[in-house]
Amino acid sequence: MLVETFPVGPLACNCTVVADERSGEAVVVDGGDGVDGVVALLDRNGWQAKLLLHTHAHIDHIGDLGRLRELTGAAGLLHPADLPLYQTLAWQARWLGIDRAPPIVTLDGELHDGELLRLGSMRFEVLHTPGHTPGSVCFAVRDGDSTRLLTGDTLFAGSIGRWDLGGTSMEDIVHSIKTKLLTYADATPVVPGHGPFTTIGVERRSNPYLDG
């Protein structure tokens with residue numbers, strides 16, 4: 001399994017592309033902005049995207065789904081609890097000062113808690129972690145005996161995602177982190193939706209929002 005993570009778009013959303021080394025099939029997580037960079041990476045490595053997974057429906061994580069899907073032919077998936085938020089892309093664009101909102105497209109399927117997505121050697125377990133948004137999810141990506149967590153805007157290095165954007169609370173996001181993410185071993189790498197990488201152990205010991 002090959003993994004590439006890089007920031008895309010003006011809000012520097014961490015997009016992660018995971019590819020099966022044998023088949024060249026790939027999964028793109030949060031490729032909602034910077035489509036040209038995502039496609040260039042796929043083309044450069046000879047990878048073919050099959051799934052476009054989204055941790056939540058904020059514009060920087062899913063806005064350009066339609067264009068990326070047109071260019072790759074991959075299927076776009078989102079947790080159903082974030083479908084109403086996805087319908088507000090035009091409002092989100094205005095709030096961020098973006099002149100032209102990306103089009104809203106019909107999703108190809110849904111993500112559900114505990115679901116295991118399989119593609120070649122890749123295994124993605126869906127962890128529903130409401131708090132940043134009602135339908136926020138994280139992904140536990142398995143490679144043999146090792147696991148890394150793609151946490152979107154739920155868990156950051158030294159912080160957590162905003163919970164004041166509608167439909168959630170601080171209690172929700174902290175509960176999600178403690179019950180769904182802190183159950184993993186301390187050495188488990190964490191790839192947040194923005195900013196530097198961390199580990200479960202570092203966040204367990206030092207994240208100020210997770211005391212008590």
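Student: What should I know about the model and its numbering before I start?

Tutor: The model is predicted, and local features need pLDDT of at least 70, side-chain atom pairs count only at pLDDT 80 or more, while totals for chains, interfaces and linings use all residues. Residues are numbered from 1 along each chain as its sequence is written, and side-chain values use heavy atoms, with hydrogens and water left out.

Student: How do I read a pocket, and how much space lies in the largest pocket?

Tutor: On a 1 Å grid over the protein atoms alone, a pocket is an open set of points with protein on both sides within 12 Å along at least five of seven lines, and its lining residues have an atom within 4 Å of a point. Grid points are joined across faces, edges and corners, and a volume is the space filled by probe spheres set on the points. In this structure the largest pocket holds about 440 Å³ of space. It is lined by 21 residues, of which His58, Gln92, Trp95, His132 and Leu165 are the closest to its centre.

Student: Which helices supply at least two residues each to the lining of the largest pocket?

Tutor: Helices here are DSSP runs of H or I with at least four residues, and strands are runs of E with at least two, numbered from the N terminus. Helix H2 (59–62), helix H4 (83–86) and H5 each supply at least two lining residues, and the largest share, 3 residues, comes from H5. By class the lining of the largest pocket has 11 nonpolar, 6 polar and 4 charged residues, where Ala, Val, Leu, Ile, Met, Phe, Trp, Tyr, Cys and Pro count as nonpolar, Asp, Glu, Lys and Arg as charged, and the others, Gly among them, as polar.

Student: Which residues line the second largest pocket?

Tutor: Among them are Pro10, Leu11, Ile59, Asp60, Leu96 and Ile98, and the space in this second largest pocket is about 170 Å³. Its lining divides into 6 nonpolar, 2 polar and 3 charged residues.

Student: Which residues form the nonpolar patch on the surface?

Tutor: Patches are made of residues with over 30% relative accessible area and no salt bridge, with like charges joined within 9 Å and nonpolar side chains (Val, Leu, Ile, Met, Phe, Trp, Tyr) within 5 Å. The accessible areas come from the Shrake-Rupley method with a 1.4 Å probe, and for residues only the protein chains shown count as cover. Leu11, Trp91, Trp95, Leu96, Ile98 and Leu165 make up the patch, and together they have about 580 Å² of accessible area. Leu96 sits in the loop between helix H5 (89–95) and strand S6 (109–110).

Student: How many salt bridges does the structure hold?

Tutor: A salt bridge is a side-chain nitrogen of Lys or Arg within 4 Å of a carboxyl oxygen of Asp or Glu, and the structure holds 7 of them. One of them joins the side chains of Arg67 and Asp36 at 2.6 Å, N to O. That pair links distant parts of the chain, with Arg67 in helix H3 (residues 65–72) and Asp36 in helix H1, 31 residues apart. Another salt bridge, between Arg142 and Glu125, also has an N to O distance of 2.6 Å, and it links strand S9 (residues 137–143) with strand S8 (residues 122–128), the two residues being 17 residues apart.

Student: Which residues line the largest cavity?

Tutor: A cavity is a set of points where a 1.4 Å probe fits but cannot get out. The structure holds 1 cavity of 30 Å³ or more, with about 50 Å³ of space, and its lining includes Asn14, Thr16, Asp30, Thr55 and Pro192.
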